Structure formats: C-alpha cells, structure tokens
Amino acid sequence: MKIAIIGTGYVGIVSGTCFSEFGHEVVCIDKDAAKVAALCQGQIPIYEPGLADMVAKNMTGGRLHFTTELSEAVPEADAVFIAVGTPSSRRGDGYADLSYLYQAAKDLAPHLTGYTVVVDKSTVPVGTARQVARVISETNPTADFDMASNPEFLREGAAINDFMRPDRVVIGVENEKAATVLREIYNALYLIETPIVITGIETAELIKYAANAFLAVKISFINEMANICEAVGADAIALAKGIGLDGRIGKKFLHPGPGYGGSCFPKDTVALLRTVQEHGVSARIVEAAVEVNAAQKARMVKKIRDALGGSETGLTIGVLGLTFKPETDDMRESPALTILPALIEKGAKVVAHDPQGMREAAKLLPDSVIYVENPYEVCLGADAIILMTEWNQYRALDFKRVLATMNKPVFVDLRNVYEPNKMRAIGFEYHGNGRGHEKR
Ligand code: NAD
C-alpha cells in the first residue's frame with residue numbers, strides 16, 4: 001500500500017515509520033521545513049526509544065520518505081492519514097483547536113487522485129471527521145474518497161511497541177471499501193491476532209476520548225485515595241495492590257503521583273466536557289477527574305512546603321525530572337509546569353535536571369530555573385530534593401553522596417520510587433506520596 005501521513009509529530013512519525021516497517025511505502029509530510037530537512041538527514045526531532053534506528057532502517061530500505069510537499073505523496077496514496085496536532089484552543093475555553101486539521105484537509109484536497117481513503121488519526125471531537133470530509137468535498141468537488149477515523153493509542157516512551165503490538169486497532173468507516181483498505185494497511189497486526197474493532201466514524205472518535213477519560217479518572221481516583229491514606233494513616237501503595245489485583249480493576253494506572261499531564265489526558269478530558277455540554281448531556285465523573293487533577297498539583301506544592309517546615313522562601317530546591325513521565329522529552333502539561341512556578345513565586349531557588357526534557361522545559365518554566373547536566377549537581381547545597389519524574393537513572397543514585405552534599409536532608413518522593421526505610425536509614429527526612437501509615 002502507498003501511504004501519506006500529514007504531520008510528523010509523535011504520532012505521525014511513529015505511525016509512518018511503523019507502517020513502513022510493515023512493508024508499506026510511506027511518505028511523511030510536514031509543513032515545518034526545518035523538521036523535514038532534519039528528518040531527511042536521519043535526525044529525529046523527538047526523543048522516543050528505538051525510533052531513530054527504525055527510521056534509519058526503513059529510509060535505507062527505500063520505504064520511508066519525508067517531504068514538505070503534499071504533491072509528492074497524496075496523488076499516489078491509497079490512504080492519507082492526518083496526524084496533525086489538535087491542542088486546546090488558545091482561547092482557553094477547553095475546545096480542541098481544529099484549525100491545523102481543517103487546514104491540512106484543505107491543503108490535501110486538490111492533490112487527491114483516484115480513489116483514496118482519508119483517515120483522521122488525530123484525536124478529535126465527535127463529528128470532526130465528517131466536517132473534514134465536507135471541507136475536502138468543497139475544496140475538490142470531484143475528489144473520489146472515503147473518510148475514516150483511526151484513533152491512535154500509543155504512549156510516548158513506549159510508542160514503537162504500542163504501535164507494533166497494540167491491544168487493539170480501532171477503525172471507524174462508513175463502507176466496506178474503506179474498511180478493506182484499512183484492513184490491508186493493518187494486515188501485519190491482524191496476522192498476530194490483534195483485535196481490529198471496526199465501527200462507525202462517530203463511535204471511533206468517541207472511543208479515543210472515552211479511553212483517555214477513563215484512564216484520567218483512574219489516575220485521579222488513586223491520587224484521591226492516596227490523599228485519604230495520608231489523612232487516615234493508611235498506605236496507598238498497599239491499597240493500590242489490594243484493589244489492583246482484582247481483575248475487574250487492574251493494576252495499571254494506580255500509582256499515586258503529582259497529577260496526570262502530557263499532550264493527551266489534560267486536553268482530551270476537557271475537550272470531552274465541551275462536547276458533552278454542546279450536546280446537552282453531562283460527564284460528571286470526568287469533570288471530577290479534571291478538578292481532582294488540578295487540586296493534586298496544588299496539593300503537591302503544599303506537601304513540599306510542609307516538608308520544608310512551612311516555607312520555601314529563600315531555600316534551594318533540587319528537582320529530579322521535569323517531563324510528565326519518563327522516556328519522553330515532552331513537557332506539555334507536565335505537573336512540573338505548575339508546581340515549580342508556585343515554589344519560585346514564593347521565593348524558592350530551583351535547580352533541576354531531566355535526562356531529555358531540559359531543552360523544552362527551558363522554554364516553558366521561569367527563567368530563574370537553573371538546569372544542570374548531572375543529577376548529583378541538583379543536590380549541591382539543596383534544602384530539599386523533589387523526585388518529580390521517575391526516570392530509571394534516578395533509581396540507583398548514590399544516596400550517601402547525595403546526602404553529603406545537601407544543606408538539609410529533606411527528600412520528597414512524589415512518585416514513591418524509593419523504599420522509605422532505606423532512605424531514612426541513609427539519613428533522609430523522607431516524604432512519600434500517600435504513605436499515611438508511616439505517620440501513625
Ligand atoms: P505534534 O504537535 O507533536 O505534531 C504535529 C505535527 O503536525 C507538527 O510537526 C506540525 O508541524 C505538523 N502540522 C500541523 N499542521 C500541518 C499541516 N497543515 N500540514 C503538515 N503538517 C502539519 O502532535 P502529536 O503529539 O503527534 O499529536 C497528533 C495528534 O495525535 C493529536 O490529535 C494528539 O491528540 C493525538 N495523539 C497524540 C499522542 C501522543 O502521545 N503524543 C497519542 C495518541 C494520540
């Protein structure tokens with residue numbers, strides 16, 4: 001199959017590369033000329049484990065190309081995937097900004113030649129794919145195409161594996177002709193018995209929001225339970241195990257933390273709330289998850305302040321990890337973007353390290369943040385260390401060395417990575433998240 005992918009962000013570049021790995025001929029298009037020029041040289045604009053090697057292999061194999069020109073890819077394509085960003089609108093009202101998507105639809109329409117399936121892979125509110133089809137038909141009334149929705153569920157940091165071995169593939173189509181093209185594209189996954197869920201377009205669009213909303217609810221639920229644990233003297237880790245082993249509940253997404261972030265959950269939960277409002281229905285559980293998440297970040301600021309004895313003014317706080325989760329350089333909606341400015345505003349000096357996120361973080365955090373290249377430098381003279389993101393390389397630090405260089409021995413572990421007793425035995429005043437049983 002010949003495939004064109006519009007947008008080479010996390011989703012576009014991973015999808016395009018994996019489709020080429022399946023053996024298809026793929027051209028990825030982006031309007032960002034610098035990004036495309038770098039990709040053509042084999043330089044990957046994002047940090048995603050395994051991606052660079054797979055891009056190089058498929059470029060060498062002649063199955064994967066990058067360009068800024070739709071005319072070089074769309075006319076030949078059997079399917080054109082749109083994978084542009086759909087961020088929250090700049091108006092701040094929570095609606096998804098669909099301008100990139102509609103622009104891509106307008107731009108691609110004149111290039112459609114022969115029967116083509118146009119597939120929306122971006123996360124979009126219900127009804128959007130139908131609007132995209134309208135834009136294409138209005139721009140090119142003779143275009144012979146079917147519209148489809150194929151939401152993406154990959155996780156940054158594990159994107160290749162998620163794409164190559166997904167739990168399921170969701171395909172929203174209106175007829176068998178389009179379904180056949182998409183089945184053929186995903187044949188490699190069908191052969192390894194991946195469930196392929198074929199639905200109508202609206203259902204496919206809503207499945208993506210429902211999945212993200214459910215996971216956001218699960219995270220907010222365990223964060224709220226962790227807070228309850230702290231209040232009543234219970235242990236959130238044991239609680240998560242105790243409920244997670246129930247097959248109906250499941251172990252995943254039951255880790256107390258500073259709140260969910262990233263490029264998907266925050267914007268998708270709020271966009272879903274806007275959609276349901278427009279349709280005169282409610283989603284009160286999702287609403288609560290969003291509120292709990294905002295409160296959780298504020299609660300983490302208070303937790304850090306309390307650990308410092310009630311005030312952070314004039315103190316030095318060392319921060320390990322800035323990205324919203326490990327194995328990505330994505331800083332979008334990272335809890336660090338709320339927590340660190342709140343500490344700085346009260347007069348704290350922040351020294352931070354992140355293995356991949358510092359370049360992006362520097363664009364988004366106050367200028368006063370000091371970035372260091374080595375996690376041990378974070379600890380020099382610090383009045384407290386905050387473990388914000390659970391990168392593997394922070395798991396086995398030499399904590400005696402860390403402690404020896406700190407000004408005060410306060411350690412706030414927002415992700416419950418470390419064993420409290422071991423940290424206390426080393427000499428830290430250790431604060432976990434949801435570990436109320438220790439205060440009894
Ligand atoms: P991104 O912001 O990283 O990348 C989008 C890319 O599209 C950019 O490179 C931009 O230059 C390009 N672009 C925008 N308009 C264009 C146009 N008209 N023509 C060509 N290129 C254009 O986005 P992302 O994180 O890959 O997300 C894409 C979509 O997938 C979003 O809807 C997102 O919600 C969804 N999604 C993201 C993830 C994730 O983990 N990042 C996972 C699942 C779904």
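A residue is taken as buried when its relative accessible area is under 20%, as exposed when that area is over 50%, and as partly exposed in between. In this predicted model, Cys 229 has a relative accessibility of 2% and therefore counts as buried. Cys 40, with a relative accessibility of 38%, counts as partly exposed. A disulfide is a covalent bond between the sulfur atoms of two cysteines, and the sulfur atoms have to lie within 2.5 Å of each other for a pair to be counted here. The cysteine sulfur closest to that of Cys 40 belongs to Cys 28 and is 10 Å away, which is too far for a bond. The count of disulfides comes to zero.

Asp 32 caps the N-terminal end of helix α2, which spans residues 33-40, with a side-chain oxygen that lies 3.2 Å from the backbone nitrogen of Ala 34. Beyond this helix, α2 is followed by Gly 42, a residue whose phi is positive, near 85°.

Two further aspartates are located in loops. Asp 235 has its place between α9 (201-232) and α10 (236-244), and its side chain reaches the backbone nitrogen of Ile 237 at 3.0 Å. With a relative accessibility of 17%, Asp 235 counts as buried. Asp 354, in turn, lies in the loop between β10 (349-353) and α14 (358-364), and it also counts as buried, at 2% relative accessibility. The C-alpha atom of Asp 354 is separated by 10.0 Å from that of Gln 393, although the two residues are 39 residues apart along the chain.

Empty space in the model was examined next. Rolling a probe the size of a water molecule over the atoms shows where such space is left. The second largest pocket holds about 230 Å³ of space. It is lined by 13 residues, and those closest to its centre are Glu 230, Lys 303, His 431, Gly 432 and Lys 439. Two or more lining residues are given by each of the elements α12 (284-307) and β14 (429-431), and α12 provides the largest share, with five residues. Sorted by class, the lining of this pocket has nine charged residues, together with two polar and two nonpolar ones.

Across the whole structure, the search finds one cavity of 30 Å³ or more. The space in the largest cavity amounts to about 30 Å³, and its lining consists of Asp 120, Ser 122, Thr 123, Val 124, Ser 149, Pro 151, Glu 205 and Lys 208. By class, three of the residues that line the largest cavity are charged, three are polar and two are nonpolar.

Terms used: Residues numbered from 1 in each chain as written. Predicted model: local features only at pLDDT ≥ 70, side-chain atom pairs only at ≥ 80, totals over all residues. Heavy atoms only, no water. Buried < 20%, exposed > 50% of the residue type's maximum accessible area, 1.4 Å probe, protein only. 1 Å grid on protein atoms, 1.4 Å probe; cavity = no way out; pocket = protein on both sides within 12 Å on 5 of 7 lines; lining within 4 Å. Points joined across faces, edges and corners; volume = space filled by probe spheres on them. Helix = DSSP H or I, 4+ residues; strand = E, 2+ residues; numbered from the N terminus. Nonpolar A, V, L, I, M, F, W, Y, C, P; charged D, E, K, R; others polar. Polar contact = N/O pair within 3.5 Å; in protein donor to acceptor, adjacent residues only side chain to side chain.
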